[in-house]
There are 2 protein chains.
Amino acid sequence: MHFEGSAADSRREQRQLVDALDEDRADTDEHDGRRADDVACDITQLRTPCLVLREHVMKRNAHVMIDRATSLGCFLRPHFKTVKTIGGALIATGGSKRRLACSTLAEVAFLAGHGFDDLLYAVPLTASKWAEVLDLHSKLEMFHVMVDHHDQLDGMERRAKLRPPPEGRPLSIFVGVDCGYHRDGVDPEDSASITLVKRLDASAIFTFAGLYTHAGHSYGAVGPDAVRAISVVERDVTVSFAARLRDAGIKVPSVGVGSTPTCSLPPPHLEGVDEMHPGNFLYYDTTQQSIGSCTEADIAPRVLTRVLGHYQRSNTLLIDAGWTATSAQGADQGYGAIADHPELRISALKQECGEITSRDGTPLDYSKFPIDSILSIIPYHSCAATQQHNQIHVLDDDDRSVRCTWRICKGW
Amino acid sequence: MHFEGSAADSRREQRQLVDALDEDRADTDEHDGRRADDVACDITQLRTPCLVLREHVMKRNAHVMIDRATSLGCFLRPHFKTVKTIGGALIATGGSKRRLACSTLAEVAFLAGHGFDDLLYAVPLTASKWAEVLDLHSKLEMFHVMVDHHDQLDGMERRAKLRPPPEGRPLSIFVGVDCGYHRDGVDPEDSASITLVKRLDASAIFTFAGLYTHAGHSYGAVGPDAVRAISVVERDVTVSFAARLRDAGIKVPSVGVGSTPTCSLPPPHLEGVDEMHPGNFLYYDTTQQSIGSCTEADIAPRVLTRVLGHYQRSNTLLIDAGWTATSAQGADQGYGAIADHPELRISALKQECGEITSRDGTPLDYSKFPIDSILSIIPYHSCAATQQHNQIHVLDDDDRSVRCTWRICKGW
């Protein structure tokens, strides 16, 4: 990977760009497809259910993480899978439009179409996606993919015989590393993993971009100590593997770590790490709150819903948000929380409706929740809630006025 | 409600239309937005993850339910929330393009735009949706909404002072009845529920269309006896309430019951019931299979996915379908099943990837599941899986060839 100037200069620029972005909101609006004057100017005029963004909170989350990465001597490569919007990507990259991780090729194409570059498709790549990957490779200055298995390379090499990458522009490939999550990635203790990297390093059609790991098991940890224990392992496993590769004569251009819990509660130092790539931190949610990654005040999105009915027999009220609006994740945790109403909980979510009751079983005071009044759901899992919508309404700092609407990238 | 000719004639026509539709597939294709030649002709050419439809299975499901409704002396008003496609609605209505229940106003508008009519928005309506409802009311010959609370009518009456329904065309309103599900609907034992219907009946801007109930608690029943016990109560509660309304001098034009379990395992007779309105039966899924509503052979949709990687350390393989492709519902039931591979189960679903392992813990034979080979997921909840996609690929009877692609209605 090439950086203009030194890495330290680039990291300083990473921070400065954020400040500049705050001064120039217009840039965000230009890329969202819909302008503020297309949409209602007050949340009470929005059709419910809908997804809204407390943008000032998301910006703060982005600033905190960019500052943290800079101070830890890393670049931030935010994961796009949470926000899936151009406006969100601008804030996440501090306006640089460079360096994002993606979970689908549709996301890569969406970002590429809006002038973003240095994009990593962070899912093990197989040959069936070869044609699309080469198209994106030709459009982008820097496009990286990920592998963790010889068979993936076998398949791609077969495809490359029919359609190779352009002369002198090998496909940049990260190797996924399993740091204990055991979802994907090579076993860093297995010498065969070094063989895989050597194969990439020696290839004429591929180039080795570095290591990528994701400590997804940190989602199962609760409290700062438990998360930090994992973040230390995530760092050490990956940095050690990089050291063994270097001992074997292989240049390791970049070492990347990241999950929202481990990047929110990072180890004291990240020596040997070049990139952090969390995603959920841009929005956060009640899952991250319960892990200890954030407070409720840090959670940026809300699902707005209206009260449809009152049912004294069951001590519930009906809302017009079901799992189609928030996802069905987190049933045992009340699917998130109701903002400003800690006394309420969602007791059931159906396809297009939800039921709310009191948290302690006392009879609801229905006069406080008139039919058609708006309630605001703090998502249990903001990535999943976002995925259910085609757009997100961006609120001004008062959390009441809609400034503009961003399109959410869909598909694969 | 008006029917051409007698109700019995109409129900006979309901059956005949299905047979005619089988002869004329072109009608299905004309309305789906994309023709067969736009898409791959073999499933191996499809981008994964994707949703595919074994159309012959769905047609059989539709035929069985239409026959059942006809033989029980009822009309079928299929719920559109499961298929959300024009092609699916044509099959569900036997080509009549009449009589569907909808869960969103977006669905009503989508169907109205394709020549469908006699549509019921089966969610308690509140005043905030008044303007949209009146627009749809003006476009459709027969459009029905649902209420279950005086406050809903209060709100609408206030709006109607500013914008009333057209002269001589009151808004047709069903009253939701709680038959034991306790999600919504009026309490049929409460005399205040009769007052609500009287209010509708006496209104100049509303007209009383009938009763609508949904025995959603049947989803918690397992086995034919348990489901049938609920289907009997669903019928009796609603028919009894209708009788009390008639005793009070109110004409009850239609009595509707329905959930997929209770309509798949109906009571011996449905005397006094005019309409059945199940939805999930068009697709079915492993949830319905476990309740006893269907067999695995009756489940029409599949989520296609490809193998991305092999991980012997964790005895898993990685697939390119996560909860974004199937929903995260049914974790404790393996999120559904893998077609043709009862020895496999999905052990985890992440955002864009899933993990598969053996059901009994024996080491996977990876040679049977090469990287890039296709696996086919039988959904745990087909409504939720469908909701995750923008389109569904319709397969020919061989379950291998893609005939056309239908657009899925999104939003609210």
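**View 1. His149(A) is buried, with a relative accessible area of 17%.** Buried here means under 20% relative accessible area, with exposed over 50% and partly exposed in between (1.4 Å probe, protein chains only). This is a predicted model: local features need pLDDT of at least 70, side-chain atom pairs count only at pLDDT 80 or more, and totals for chains, interfaces and linings use all residues. Residues are numbered from 1 along each chain as its sequence is written, chains are lettered from A and ligands numbered from 1 in the order in which they are written, and side-chain values use heavy atoms, with hydrogens and water left out. To find His149(A), look in the loop between strand E6 (143-147) and helix H7 of chain A; helices (H or I, at least four residues) and strands (E, at least two) are DSSP runs, numbered from the N terminus. The side chain of His149(A) reaches the backbone nitrogen of Asp151(A) at 3.0 Å. Beyond its neighbours within four places in sequence, His149(A) is in contact (heavy atoms within 4.5 Å) with Leu196(A), His310(B) and Ile371(B).

**View 2. Asp178(A) and Arg313(B) join their side chains in a salt bridge.** The N to O distance is 2.7 Å. A salt bridge is defined as a side-chain nitrogen of Lys or Arg within 4 Å of a carboxyl oxygen of Asp or Glu. By that rule, the interface of chain A and chain B holds 10 salt bridges. There are also 30 residue pairs in polar contact between chain A and chain B, both residues being at pLDDT 80 or more. A polar contact is a pair of N or O atoms within 3.5 Å; within protein, one must be able to donate a hydrogen and the other to accept it, and residues adjacent in sequence count only if both atoms are side-chain atoms.

Which elements of chain A each supply at least two residues of the side that touches chain B? They are helix H5 (105-112), strand E5 (117-124), helix H7 (150-162), strand E11 (301-311), helix H12 (323-326) and helix H13 (382-387). E11(A) gives the largest share, six residues. Sorted by type, the side of chain A that touches chain B has 19 nonpolar, 20 polar and 20 charged residues. In this sorting, Ala, Val, Leu, Ile, Met, Phe, Trp, Tyr, Cys and Pro are nonpolar, Asp, Glu, Lys and Arg are charged, and the others, Gly among them, are polar.

**View 3. Chain A and chain B bury about 4,800 Å² between them.** Carbon and sulfur atoms give 53% of that area. Buried area is the accessible area (1.4 Å probe) that two parts lose on being put together, summed over both. The contact takes 59 residues from chain A and 59 residues from chain B. A rotation of 180° with 0.0 Å of shift along its axis superposes chain A on chain B, at an RMSD of 0.0 Å. The two copies are thus related as by a two-fold rotation axis. The same surface serves both copies, as 100% of the contact residues of chain A recur in chain B. Superposition is by least squares on the C-alpha atoms of residues with pLDDT of at least 70 in both copies.

**View 4. A cis peptide bond joins Thr48(A) and Pro49(A).** Its omega is about 0°. Pro49(A) sits in the loop between strand E1 (33-34) and strand E2 (50-54) of chain A. In chain B, the peptide bond from Thr48(B) to Pro49(B) is cis, with omega near -5°. Pro49(B) has its place in the loop between strand E1 (33-34) and strand E2 (50-54) of chain B.

**View 5. Ser327(A) and Asp372(B) are non-glycine residues with positive phi.** For Ser327(A), phi is about 75°. Ser327(A) lies in the loop between H12 and strand E13 (336-338) of chain A, and is buried at a relative accessible area of 8%. For Asp372(B), phi is near 85°. Asp372(B) belongs to the loop between strand E15 (354-358) and strand E16 (374-379) of chain B; with a relative accessible area of 18%, Asp372(B) is buried.

**View 6. Ser203(B) counts as buried, at 17% relative accessibility.** You will find Ser203(B) in the loop between helix H8 (191-202) and strand E8 (206-213) of chain B. The side chain of Ser203(B) reaches the backbone nitrogen of Phe206(B) at 3.0 Å.
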